Amino acid sequence: MGGRILLIEDEGNIREAIGFILSRAGWEVQGHGNGATAIEAVTRTKPDMVILDIMLPGLSGFEILRALRDGAQTARLPVLMLTAKGQARDQEAAFEMGADAYLTKPFSNADLLATVARLAQTRATGDRA
């Protein structure tokens with residue numbers, strides 16, 4: 001397993017922890033903490049997957065997800081929403097906008113790794129998760 005993940009999360013300690021977990025599993029993780037410049041970061045880093053918080057400064061994760069799905073180069077980019085917003089309506093909204101997976105904080109390391117692996121597999125086969 002492996003590839004490049006762009007982690008868009010404004011809390012540095014969470015970015016660091018997730019980066020550590022995923023890098024130990026063979027992923028190259030780049031962190032980004034500002035919603036306002038997140039689309040530019042996706043364009044610049046060309047990740048294999050995005051892990052996206054909902055509550056971000058500048059633009060929300062929902063706004064970023066919508067922009068990714070509207071972009072020709074990013075329409076099928078796997079996106080995992082990782083957020084403290086655990087209400088069913090938030091999860092439903094994310095899936096309606098095109099999120100591939102949704103995990104709520106706090107999450108287990110095993111759930112994070114399993115979800116990332118599933119998204120990587122669906123990307124490799126060309127299917128949506």
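Which residues of helix α3 are buried?

## The model and helix α3

This is a predicted model, in which local features need pLDDT of at least 70 and side-chain atom pairs count only at pLDDT 80 or more, while totals for chains, interfaces and linings use all residues. Residues are numbered from 1 along each chain as its sequence is written, and side-chain values use heavy atoms, with hydrogens and water left out.

In helix α3, which covers residues 61–70, the buried residues are Gly61, Phe62, Ile64, Leu65, Leu68 and Arg69; buried means under 20% relative accessible area, exposed over 50%, and partly exposed in between, with a 1.4 Å probe and protein chains only. When α3 is viewed down its axis, these buried residues fall within an arc of 160°, so they line one face of the helix; the arc is that of the directions from the helix axis to the C-beta atoms. An α-helix has 3.6 residues a turn, so residues three or four places apart point the same way. Helices (H or I, at least four residues) and strands (E, at least two) are DSSP runs, numbered from the N terminus.

The buried residues of α3 pack against α2 (38–45), β3 (49–52), β4 (79–83) and α4 (88–97), where contact means heavy atoms within 4.5 Å.

## The sheet and its helices

Five strands form an open sheet in the order β2-β1-β3-β4-β5, with parallel pairing; two strands pair if DSSP finds at least two bridges between them. Because β2 (27–32) and β5 (101–104) stand at the edges with a single partner strand each, one side of each is left without a neighbour in the sheet. From one strand to the next, the twist averages 20°, with axes taken as lines fitted to C-alpha atoms, for helices over the stretch in contact, and angles running from 0 to 180 degrees between N-to-C directions.

Helix α2 lies across β1 (3–8), β2 and β3, and runs at about 170° to β1. Helix α4 also packs on the sheet, where it touches β4 and β5, and its direction makes about 155° with that of β5.

## The nonpolar cores

The largest nonpolar core has 19 residues, and those with the most contacts inside it are Ile8, Val42, Val50, Leu52, Val79 and Met81. Such a core is a set of buried Ala, Val, Leu, Ile, Met, Phe, Trp, Tyr and Cys residues joined through side-chain atoms within 4.5 Å. At least two residues of this core come from each of β1, α2, β3, α3 and β4, and α3 gives the most, with four residues.
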